[in-house]
Amino acid sequence: MEEVKLEVKEEVKEKEEEAQGGDPAAPDPAATDTLAPAEAPAPAETPAAADTTPVAPQPGANIQAHDTPGFDESQAPDTKTDLTGLFTEKPQSGEVAVGENINFVAKVNAASLLKKPTIKWFKGKWMDLASKSGKNLQLKELYDRNSKVYTFEMQIIAAKPSFAGAYRCEVSSRDKFDSCNFDLTVHGSGLPCPPVSSFCASASKSQVKSEPDEDVWEILQKAPASEYEKIAFQYGITDLRGMLKRLKKMKKEEKKSEGWYLSLCETNTYPSLNVTSADQYSFLKKLDPAYQVEKGHKMKLCIEVANEDVDVKWLKNGQEIQSTGRDESFKYRFKKDGRKHVLIINEATKEDCGHYTVKTNGGESMAELMVSEKELEVYQNIADLTVKAKDEAVFKCEVSDETVKGIWYKNGVEVKADARTNITHIGRIRMFNTFTYVAYPSFFIPEDPPKIHLDCMGHTADSTIVVVAGNKLRLDVPITGDPAPTVVWTKGEKVMTEGDGRLHVESTKGHCIFTIEGADKQDEGLYSVIVRNPAGEDKADINVKVVDAPDPPSAPRILSVGEDSCVVQWDPPKSDGGNPIIGYVLERKKKKSYRWMRLNFDPYTDTTYEAKRMTEGVEYEMRVYAVNAIGMSCHSAASQPFIPVAPTSEPVGLCVDDISDTTVSLKWRTPEHLGSSELDGYGVEYCKEGSDEWVPAFEGLTERTSVIIRDLPTGEKMQFRVRAYNTAGPSAPTSLAQAVTIQKPKIWIPRILRQTLIKKVEETINLVIPFQGKPRPVITWSKDGEHLNPKQVSVRNSDTDTILFIRKSERKDSGKYEVKLQIENVEDTASISIQIVDLPGSPEKLKIMDVWGFNVALEWKPPKDNGNCEITGYMVQKADKKTMEWYTVYELYRRTNCVVADLIMGNEYIFRIYAVNMVGLSLEPCFSADSAYIQKTGFEYKPPIYKEHDFSEAPKFTHPLVSRSVIAGYNATLSCSVRGIPKPKVTWYKNKMDISNEAKYRMFSRQGVLTLEIRKPCSFDGGVYMCKAVNASGEDAVECKLEIRRKYP
């Protein structure tokens, strides 16, 4: 608020200076106030004021600030001696003619900066020009790597009068900041310069032709209040307070003139006021939708119309209301005050509920009235009375409604008024009087024993008299007795007399009074009153409790502090004053101030409180009051002075710098926000993944931004976090994005090497095996348990991988290679299988086994050398001896014998065969030793003789019977499966008795599956069932047990 006040004062001061020493030709501020601000110099919002003829050089000329005409270089400030902060060269104020260009240059030396500088250009106090970059404004940035100097340039193209004003350039780099101000003057417009930081042009005051613009005040009137700041920024309005005042004034004027239309008569010189017939009877204020009033209260319905002479009618539920007079006792009254019309309803009742309508010639307004009936309340209840004989007893009560009738009852029976009883009703008060007269004979003198008339006597809570310390204790005890009894007051065994000036004992007719002036804690205790006369004695005990305000609490302790808060704690007072503590009141003050400020106005029940809204860096003190039902204690002693300090923000850039089998190296950067307190150091913690138990990496704090954590468990996934500490405590922690595995020697076999690696002969083998482990492990390669031949195989090792290299592989390089990593006593091994393959050898012993018809049967043997891989097939070719052209019969034939068909009759053929594996065809084929001649004449085919196969098979159960337990009354099935050739004969048995012909059972046989169905079994159907299969080749049997359970146990 202080900054806002200061800015407003500065603006007022600037306006006063302009009013006193400004240009006499400056426009009238009152006239200017009604003009809408023009556009800011954005590409799409540039006003057309640039159409005016410039005075100076041709439009478009690029003029630097120091080359502007009329600028004296001798008067320019010496930038070399005026350097402060980050700038090595600051932008200088300049002048430019309308339509010309001008550049402003700022230079920053980045040799000592850790981060690239950021620059911002402003017009006025807060208009950021980065969003205005476009056709009329361009921002450039250059960097010289040799001198490490950044050059920032702002170029204004085709300057316009609205561009004139004060500008500011700000540059920042991390915690460094610098800024400078400069001015721009635009000549040749014939207009006075607009105020500083205003990108506005008044269209009505300039003689320049401009395009019609949208009125910003109309936009502001239609927009919600939350959009005011955005619209002001868009249209270059900097005086937000003035804008709000003007909007408020415009709304008031609009409200006053609502419903009226102003037109100029053509025949008259002066304007006349014409009111349309539709609006002269319109409402300025209508009825609310609904009203509610309590029964018996007065209700007012108020409206306001535009014309005070209009006729107004009030209706209730569609019926017009007639006035019943101006007296307060009448039901309805009408009141008129100018344009205001009021309907007054006196003493509203339930009958007044309904819809009320007010009508004029210009419309109507309706409201609903609801009357709520207030519940009857008893203001004064009937009190219990104890009176003497022949005295008057008066019972009195007061209720909220005077019209309610009261009925008195005695022991449940209604009491009627008579000579002894008087019942009265005065307003809300009901009274009941009873008079009793007793006459005694003149010769008889009665004796009445003494009696103490107290409602409660003894050591109960009801008999305790509570008095506030310092107040008067007065015990007024009603007594009776004839003759008048004597009264003795005691406290414990001590008789209370008037020896002390504070103590007074008094006896009157029918009462004994015991008074102590200025009661204190010593007067607390059990008091006894004893009354005696010749007829007897009576005694009563009265417990007196003296209560007081509590003692002050202990001095508060500051548990923690924040940026603008602290947590304070205190101990309850030693004495609560006889009444429970209902809360505490806290106060604080600045250390150098004498004014204590209360923090809470309602008692705070807890003994720990968080005080907020304090100023960071200011020293404070706290004190506490205790509160009970009696009052507030004295204040406690003040707390130790403390300063609200916010914890720093979390450290940034936490990452793992290095890792080994037992150590991790971490590094980070300092927090971005340190606050007003110095940084005490950093705390580093770690825990296992999945656990919440964080363990400090070392005792105390470290001031460095990198640490090495040692003695970590190898192979575990660990999570790390770092917190910054200052006076306020630890900051929020910053953690690694994911857990870190503490490395042990581990070989990572690539997926392609997890199966046998197959290479062709003379191919290059280059195996890269990555691993982890620090310090650098010892790596050992072996093949089939033997060391590698360094002449044939090369091994190269690095910190992260090992490479096995064979320039030209041979068949003998096939085998199982093993790599072993070892760090001290921990090691890891992995194996890789390599298979070197080659072309297979030729098949052997190709023979022509038979020739018939157009077919030739061939047979051969596999090659001795399969090329170190499986033979995938053979290629069979034929050739006619006449042409010796080879044709492929089978391209990839798997067997070692085949039949070549579709040969031509009368031709003689020879054959050859190649072996094929995954590498290719064998180098040389195997030729048939003989040739096959296809005869032209026919021949008799002799079919081969085959021995008939015996398919008979003895029965065998492939699925046995399973024992079951079923419920009586429900069909049950037993199933099994059997095979046998020929089909066996199946017989079912129960307890070794054949059941094939019994109607209770049904047997099924489908595709070898045998099923026995037992229809609605009973308890007698339980037992051992057997299935027997018999054929010519043998027999087989299976059995199971069937248990029948009762349907209802």
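User: Is Cys-302 buried, partly exposed or exposed in this model?
Analyst: The model is a predicted one, and in it Cys-302 has a relative accessible area of 23%. Buried would require a value under 20% and exposed a value over 50%, so Cys-302 is classed as partly exposed.

User: What relative accessible area does Cys-926 have, and how many disulfides does a search of the whole structure find?
Analyst: Cys-926 is buried, its relative accessible area being 9%. A disulfide would need a pair of cysteine sulfur atoms within 2.5 Å, and the search of the whole structure returns a count of zero.

User: Which side chain makes a polar contact with the side chain of Ser-977?
Analyst: Ser-977 sits in strand β71, which spans residues 972-981, and it counts as buried because its relative accessibility is 14%, where the cut-off is under 20%. A polar atom of its side chain lies 3.1 Å from the backbone nitrogen of His-959. Beyond its neighbours within four places in sequence, Ser-977 has contacts that include Lys-956, Phe-957 and Gly-1008. The side-chain partner in the polar contact, at 2.6 Å, is Thr-958.

User: What is the bridge partner of Thr-490 in β35?
Analyst: Strand β31 (residues 486-491) and strand β35 (residues 525-533) run antiparallel and are joined by six bridges. In β35, Thr-490 is partnered by Ser-528.

Definitions and conventions:
Residues numbered from 1 in each chain as written. Predicted model: local features only at pLDDT ≥ 70, side-chain atom pairs only at ≥ 80, totals over all residues. Heavy atoms only, no water. Helix = DSSP H or I, 4+ residues; strand = E, 2+ residues; numbered from the N terminus. Buried < 20%, exposed > 50% of the residue type's maximum accessible area, 1.4 Å probe, protein only. Polar contact = N/O pair within 3.5 Å; in protein donor to acceptor, adjacent residues only side chain to side chain. Contact = heavy atoms within 4.5 Å. Pairing = 2+ DSSP bridges.
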